[in-house]
Amino acid sequence: MHHDFRHLTFIPLQLNVRPAARKTKNGTSSEVMPGIRRFVLSNPRAPRFMLAFLLLLSLVWPMHGHASPSTPIFVLHSYSQEYPWTKRQHEGFLRKLGTAVPGMVAPSVEYLDTKRVPYTAAYADFFADYLVRKYVGFAPKLIYVTDDNALVFALRHLTRIFPKAPIFFSGVNDYDMRQRIDPSRVTGVYEKKEIAPNLDLMRHLDPKARDILVVGDESGTFEAIRHEVVAELAREPDIKAHFLSAGRIEQLVAALKGRKERFVFLTTLGEMKDAAGRVLSLPETIAAIAQAGRFVIISMEDVYLYPGVLGGYVTSGDKQGAVTAELVARYLAGTAVADIKPIETSPNEYLIDGSEQERLGLTLPPAIAADATIVNPVPTFIERNLALIERGLYAFALLFMVSLAVFAIALLRKNRQIARASAELETLNGRLHNVIESFPVILWAIDREGVFTLSRGAGLKALGLAPDEVLGRSVFQMYAEYPKIISQVRRTLEGEPQLSTVLVGAIVFEMHYSPIFDSQGVVIGASGVSIDITERRRAENALKSSEEKFRKAYNVNPDAVNINRLDDGRYVSINAGFTRTMGYTEDEIVGHSSLQFDIWDDPEDRVRLVQGLKNDGTVTNLEARFRAKDGSIRYGLMSASLVEIDGVPHILSITRDITERTHFQQQLAEGEAQFRSLVEQSIAGTYIVQDGKFAYVNPRYAEIFGYDSAEELIGRDILSIVAEQDRGTVTENVSRRIEGDIETIKYDFAGLRKDGSIVDIGVHGASATHRGRPAVIGMVQDISEKKRAEEKIQSYVAQLETAFMSTVQVATTLGEMRDPYTAGHQRHVAEIAVAIGAELGFDARRQEGLRVAGYLHDIGKITVPAEILSKPGKLSPIEFQLIQGHPQSGYEVLKDLVFPWPVAEVALQHHERIDGSGYPQGLKGEAILLEARIMAVADVVEAMSTHRPYRPGLGIARTLAEIERGRGSAYDAEVADACLRLFRDKGYSIAA
């Protein structure tokens, strides 16, 4: 149902809590009758006796009192309510406040829980929004916060949420907070972990002790304490500390076992985990440390006092809270916060476990014993004689009871009935009130007409309604837009209980409807409980989503994934990857053992797997052989972990099929053997150079340099086989490969044979690794004959190239003789084209092709009459058509000649344009050869910038403007840009 929680009702708590520890000085208790108190707390029959005693006492000493107005306060703890340090601060504060403040206080308590949730600005904002919604209208008298995170949160948010409430803190380690707090509103008690008193305690307990073990987790707090210990020990040169820290308890226990030191000094253990990654509780951590050896364990925090720990000079959570309560009492008595100075001396104390002291046979020094608080003290005289005292008290009580029996029996019976009934009623009312006001539920009732007669519960807050707003209103009007609620209310009023889940706004409620009957069985109304299950529904959806993701990951994993029982290897589940690898389907194998199918080719592999899991809980990269369903052997790389399913240990394993890799490695080994055989018989010399010396040469290498065997060269300096004039080159090339400047290189050098003769050597070497270190590996050949042959061939080629270019020049000259006005045009176009090609990154060979194509691109003009070529006026359409035919004519002349470049195609396409507006074929874009696109730009630049029979030269500026205008439309953009860079940026000019 739907209610408001804008007005909170707090149940006042009368605070009168007795301390759990008692303080002794020189063995004398500071409490009155400590034996009787221990008797009451420890003897199972004591409650019966004390009940009778107190009932009798009540006959002669009736107590009277009246309730005082409660004082609302807001309490915020940094950590959870289960954390011992938080509990002790809270209990010490409330106990002391209960004795120091008259009347009652009503604490409203919240927990930041920053041990499990990282304290970030986003989390603080979220928590502040939560408090704003929850505590609308709440005005506490004061605020009490514990530890650093809660104080930081209070300074930023609580001062805004509760602007009139002063702030009292305890357990704050950061003394720099003094600079941030407003002394007129904030005060409290700082906490400091003190090391020197604990060193004094150890030195007094064993003056001969020179070595101590300082133990903690791997947190930043431990590192800070470590620095403090080191600084403190600088003043204690005769004591040496050994620091042991670990994040896992098994690692810490292993480090402790076998140590000879007597004292273990505990620092911070809040982040200790077990092998499964679970954060351990303090009792679990302390127990593991205590069992690791015969140590005297000293603590610097009272929360570590568990069996096995002697105690020490500790930061006391109880005293932190109690001292802060004293400051609060002063404020409540009328003292201004500005006059209540923060307590910067941490209220620490010596806290000693008496039973642990007796077990270790230790005696506290008088100076320490005088101020120490003893917990679990050795039994007192009264405790040792408890049975005798108990019998005497029983006898006294019996005599007293007999003397008052006649008068008291009736009164006791009546009072007992009244007290029991009152207590039960008060307990039930308290429980019901707590349930309704603390849990996300709404308790409601309506009459026969659907009008609310009851509306209570914490679930109201989420809906933004208060009880007063709901009482007297009709459910049919309030929930008119929720037909499901209306329908179920009507059915309930007809006598039929209902149960459903509905969404009211953004909140999911589980609705329980029950009819209310009168004595005649007539429905007179309905009642119900509405439970806010929004978070539960979100958690369920998140869990389903997580399970679905795991299921998909499990099924789509290409590796073989399977779950087996640890004890007998029976398969519980396999994925599709297992089926692809091993051939077995889930129906075939689930319920059967891997041993039944002989899946392990070597059963010892499974033994190693199981043993590793039992020792460490996980196994990583176990290589094993498996037999597939078809009998083939598969090689796998397995990783596995132990998991529990319904309390039974199982193996979750992932196996990657490495069969192909294994076969490849085997083939590689065989190939290496074959390669060595091939190298040894090779006709080329093979070598490995490392550290400037030969690490390996094959027989052919030795033969080339005139040595009888390879062994003569191994270990010798490589320059011993290099002629003097080439040693610098060889040294540089080897260094460049060793240092990684280049990977491979091919060059020639003059080799020096064993007999002193010179031989021409061709070498091809590469960077390599030999036995884990950099080396050079390569091959050499005797190229003396080859070099002489190549020199002859180069001479022939040069002669041919000269003859070829002469022929091209002749052809160009013949064309220019027919058109003297454009003499030099083809040569100039060729030079411009070569320059553009170089700008575009063409190599020398391709640039030469541009030169030849430039010389011959207008060869087709020999078919055009000379009078048309040199006509000074405008050409007629027929004459222009003849001119446009010269690319095709040039192509016909050149197409049957063999060139290493596309010369004929360039002649055909050099008047084509990128947008298809050129001739003779109207080609576009990439359909035009890149060389032809370059030639087109070079042709236009030369033609526009020089004189023609029909016009004077236009100049280079107008020419470049034309190229820029036609960039991307008439002319290729990249070619046009290269041309513009040449002339404008690099100062290129057309030769005369």
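**Sheets, helix packing and buried elements in a predicted model**

Strand 23 and strand 24 form a hairpin with two residues between them, and Asp646 in the turn has a positive phi of about 55 degrees. Helices (H or I, at least four residues) and strands (E, at least two) are DSSP runs, numbered from the N terminus. The structure is a predicted model, in which local features need pLDDT of at least 70 and side-chain atom pairs count only at pLDDT 80 or more, while totals for chains, interfaces and linings use all residues. Residues are numbered from 1 along each chain as its sequence is written, and side-chain values use heavy atoms, with hydrogens and water left out.

Ile645 has Val648 of strand 24 as its bridge partner, and Met638 stands opposite Thr655 in strand 24. Strand 24 is also joined to strand 20 by six bridges, again in an antiparallel arrangement, with Ile651 of strand 24 as the bridge partner of Asn564.

These strands belong to an open sheet of five strands, ordered 21-20-24-23-22, with antiparallel pairing. Strand 21 (571-574) and strand 22 (618-627) stand at the edges with a single partner strand each, so one side of each is left without a neighbour in the sheet. From one strand to the next, the twist averages 30 degrees. Helix 23 (residues 603-616) packs on the sheet and touches strand 20 (560-565), strand 22, strand 23 and strand 24, where contact means heavy atoms within 4.5 Å. The direction of helix 23 makes about 165 degrees with that of strand 22; axes are lines fitted to C-alpha atoms, for helices over the stretch in contact, and angles run from 0 to 180 degrees between N-to-C directions.

A further open sheet of five strands has the order 26-25-29-28-27, with antiparallel pairing. Its edge strands are strand 26 (693-697) and strand 27 (744-752), each of which pairs on one side only. Neighbouring strands of this sheet are turned against each other by 35 degrees on average, direction ignored. Five bridges connect strand 25 (residues 685-690) with strand 29 (residues 773-782) in the antiparallel sense, and Ile688 stands opposite Ile777 in strand 29. Helix 26 (residues 727-738) lies across strand 25, strand 27, strand 28 (758-770) and strand 29, and runs at about 150 degrees to strand 27.

Strand 13 (residues 349-353) has five of its five residues buried, so it is largely enclosed by the rest of the structure; buried means under 20% relative accessible area, exposed over 50%, and partly exposed in between (1.4 Å probe, protein chains only). Both faces of strand 13 are covered, with Glu349, Leu351 and Asp353 buried on one side and Tyr350 and Ile352 on the other. Strand 13 pairs in the antiparallel sense with strand 12 (residues 309-314) over four bridges, and Gly312 has Leu351 of strand 13 as its bridge partner. Strand 13 and strand 14 (residues 373-375), by contrast, run parallel and are joined by three bridges; Ile352 stands opposite Ile374 in strand 14.

Helix packing is illustrated by helix 8 (residues 249-256) and helix 9 (residues 282-290), whose axes come within 9 Å and cross at roughly 25 degrees. Helix 8 is therefore roughly parallel to helix 9, given that angles under 35 degrees count as roughly parallel, over 145 as roughly antiparallel, 65 to 115 as roughly perpendicular and the rest as oblique. Helix 8 passes helix 9 in a right-handed crossing; a crossing is right-handed if the near helix is turned clockwise from the far one by less than a right angle, and left-handed if anticlockwise. Ile249, Leu252, Val253 and Leu256 of helix 8 and Thr285, Ala288 and Ile289 of helix 9 make the contact. By class, this contact of helix 8 with helix 9 has six nonpolar, one polar and no charged residues; Ala, Val, Leu, Ile, Met, Phe, Trp, Tyr, Cys and Pro count as nonpolar, Asp, Glu, Lys and Arg as charged, and the others, Gly among them, as polar.

Val101 lies in the loop between helix 3 (84-100) and strand 4 (104-111) and counts as buried at 11% relative accessibility. Leaving aside neighbours within four places in sequence, Val101 is in contact with Ala329 and Leu332.

Terms used: Pairing = 2+ DSSP bridges.
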